[in-house]
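Visitor: Could you take me through this model? I would like to discuss helix packing and the ligand surroundings.

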Amino acid sequence: MLNLLKPKILMLASPKVIYSLSAFRYKHEIPKHLEKVPKEKDPSFSQMIEYYYHAAAQVMEPMMIKELEKYPYMKKEQREQRVSAMLKLMGSTTNLLEVTFPIIRGDGRYELITGYRAHHTRHRLPLKGGIRYAMDVDADEIRALAYLMAFKTACVNVPFGGSKGGIRIDPKKYTAQELQTITRRYTMELLRRNMIGPGIDVPAPDVNTGEREMSWLVDQYVKTFGYNDVNALAITTGKPVAIGGINGRTAATGRGLFKAAECFLNDKDWMDLLGWKTGWKDKTVIVQGFGNVGSHASLFVVEAGAKLIGVQEIDVSLVNENGIDPKDLMDYYTKNKKSVKGYMKAKEKSGSLLGEKCDILMPCATQKVLTAENAGSVQAKMILEGANGPSTPAADEILRKKNVLIVPDMYCNAGGVTVSYFEYLKNINHVSYGKMHVKREQAMINEIFNSLNSADKGKDKFKPNVDLERIRDCTREADIVDAGLQTVMETAAEGIKQVANEFALCNDLRTAAFIYSILKIFRALEVTGISQQ
Ligand SMILES: NC(=O)C1=CN([C@@H]2O[C@H](COP(=O)(O)OP(=O)(O)OC[C@H]3O[C@@H](n4cnc5c(N)ncnc54)[C@H](OP(=O)(O)O)[C@@H]3O)[C@@H](O)[C@H]2O)C=CC1
Ligand SMILES: O=C(O)CCC(=O)C(=O)O
């Protein structure tokens, strides 16, 4: 049974809120344990995400209560109780598993390895979320990331719940053979407990994991629990194309970040807020983290006309006011064992670049890098959150008050899970994108123009225009994926902007994105009802 709040008398929370509160009602409160979070220098990661959720829930609660007026048989107090219960449910983690297992290392040493998997709300199955390998992985971190995934998938309308997993290791200290053993054993631990499966929870790459780890995971499933499962390949996304992966997943998060930014950069109203001209041209960019997300994001923004003037990595920073070529740096990074150290075409600098002069900052490394301590010195006017949870609530408030436009993680880095969804569909449909129809559609467009020209007897008088040619020539899987991602990012941006206007949230896109997402999960949970079993 859910513990429901007692009724309270309260005043209107904010005159800007369009859905006004009635005099006697339940009010969603920020839970006691989160009260200090907005001022904390180093909040716990999960408390920080919880805080963002509850703050948005408070703003939208009256709207949800109003929505339940569709049930005329319900008393006002019952509607309020129901909303309050749903908000509590959405703010809770369903499962959090910690597993410890032994491995024998290449030199014969025994070692105990700890891993986690968290499931947030299960309003939609399967759940979806990456797996990371890093030394800071713990229960709090994985819970926070699963929490965020639940709202991220809702934000971009992909029909998954939220989850996340991780193993506490420094992958640089293990051989490929040892990493394979760890990945396979972790997979077995999750499978034995029914924590993952094509219809339960579908992992994907995250920090320090990629196609290689996903290949091991899928192979372990296919050879054990999944040998009789026709949808076995859908146990994970982010696989190599050769085993059912999709063209475009590796670059998808960076590509999605670029598209998310464009939805604001090309919108005159939003750019007026910053006093900027629309478009990428001449905008200077600094990126933190040059891994999967940061490097691909850099590539796309530079291709569009921006100038990459700084790259901050874990061991060194690079600066060049004339611009750094991301493709060249990516080649160097790969050859140089995943380090930008020693790159000759930029100056090395020690320390952080987060406070350096630039137009756009892209934190694409890890969580809690923008804090109460450094947010005041940030000079960028736009922040594109490629990483999950890069800004603490204290930093978020400081930045917003400085009129910085933060495109929040839950939307900005959702390109990865969106393309994962396309991969999942490809796996369960057992057909790759375009296979059945693109040639026919292409031929149809060509034949329409051939017919027009032969009827008019004017040689090649009628031709498809550039846009139609682009649609006609969109035949490769990568192009279809790109077009799908574009649709998803544009739709979500529209939704977030609408909410921001409706609730007079000004530049607080994070609260807008949460409200937009919470509402969808609320509607799904609310119509399903709460089971008494
Ligand atoms: N991969 C994906 O599809 C998605 C990833 N994300 C998020 O994006 C972020 C990055 O993920 P991803 O690119 O996959 O990870 P990667 O491991 O590929 O890259 C992260 C890079 O950032 C560096 N780094 C780590 N900490 C710092 C720091 N404090 N300052 C500067 N650089 C640092 C790492 O160096 P080193 O390796 O030496 O530690 C590494 O080069 C994470 O928050 C992740 O959750 C979000 C959505 C999807
Ligand atoms: O691609 C996915 O399914 C999940 C990606 C992820 O872990 C994330 O968006 O943080």
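Visitor: What kind of model is it, and how are things numbered?

Guide: This is a predicted model, in which local features need pLDDT of at least 70 and side-chain atom pairs count only at pLDDT 80 or more, while totals for chains, interfaces and linings use all residues. Residues are numbered from 1 along each chain as its sequence is written, and chains are lettered from A and ligands numbered from 1 in the order in which they are written.

Visitor: Helices, then. At what angle do α2 and α16 pack?

Guide: Helix α2 (residues 76-90) and helix α16 (residues 509-528) pack at about 115 degrees, and their axes are 10 Å apart. Therefore α2 is roughly perpendicular to α16. Angles of 65 to 115 degrees count as roughly perpendicular, under 35 as roughly parallel, over 145 as roughly antiparallel and the rest as oblique. Axes are lines fitted to C-alpha atoms, for helices over the stretch in contact, and angles run from 0 to 180 degrees between N-to-C directions. Helices are DSSP runs (H or I, at least four residues), as are strands (E, at least two), numbered from the N terminus.

Visitor: Which residues of α2 and α16 meet?

Guide: Met 86, Leu 89 and Met 90 of α2 meet Ile 518, Ile 521, Phe 522, Leu 525 and Glu 526 of α16; contact requires C-beta atoms, placed from the backbone, within 7 Å. By class, this contact of α2 with α16 has seven nonpolar residues, no polar and one charged. Ala, Val, Leu, Ile, Met, Phe, Trp, Tyr, Cys and Pro count as nonpolar, Asp, Glu, Lys and Arg as charged, and the others, Gly among them, as polar.

Visitor: And how does α1 cross α2?

Guide: The axes of helix α1 (residues 45-67) and α2 come within 10 Å and cross at roughly 140 degrees, which means that α1 is oblique to α2. Ala 57, Glu 61, Met 64 and Ile 65 of α1 make the contact with Arg 79, Glu 80, Val 83 and Leu 87 of α2. That contact of α1 with α2 comprises five nonpolar, no polar and three charged residues.

Visitor: What about α6 and α15?

Guide: Helix α6 (residues 249-265) and helix α15 (residues 477-502) have axes that come within 9 Å and cross at roughly 45 degrees, so α6 is oblique to α15. The contact includes Ala 252 and Gly 256 of α6 and Leu 485 and Met 489 of α15. Its classes are six nonpolar, two polar and three charged residues.

Visitor: Changing topic: how many residues surround ligand 1?

Guide: Ligand 1 is surrounded by 25 residues, the closest being Gly 289, Gly 291, Ala 365, Ala 387 and Gly 416; a residue counts as near if its C-beta atom, placed from the backbone, lies within 6 Å. Helix α8 (residues 292-303) gives the most to this shell around ligand 1, with three residues. The shell around ligand 1 has nine nonpolar, 13 polar and three charged residues.

Visitor: Which elements supply the shell around ligand 2?

Guide: β5 (127-133) and α12 (415-429) each supply at least two residues of the shell around ligand 2. Among the residues surrounding ligand 2 are Lys 128, Asp 206, Asn 388 and Gly 416. That shell around ligand 2 divides into two nonpolar, seven polar and three charged residues.

Visitor: Finally, is Tyr 110 buried or exposed?

Guide: Tyr 110 is exposed because 8 other C-beta atoms lie within 10 Å. Buried means 20 or more such atoms within 10 Å, exposed 12 or fewer, and partly exposed in between, with C-beta atoms placed from the backbone. Tyr 110 lies in strand β4 (residues 110-119).

Note on methods
Contact = placed C-beta atoms within 7 Å.
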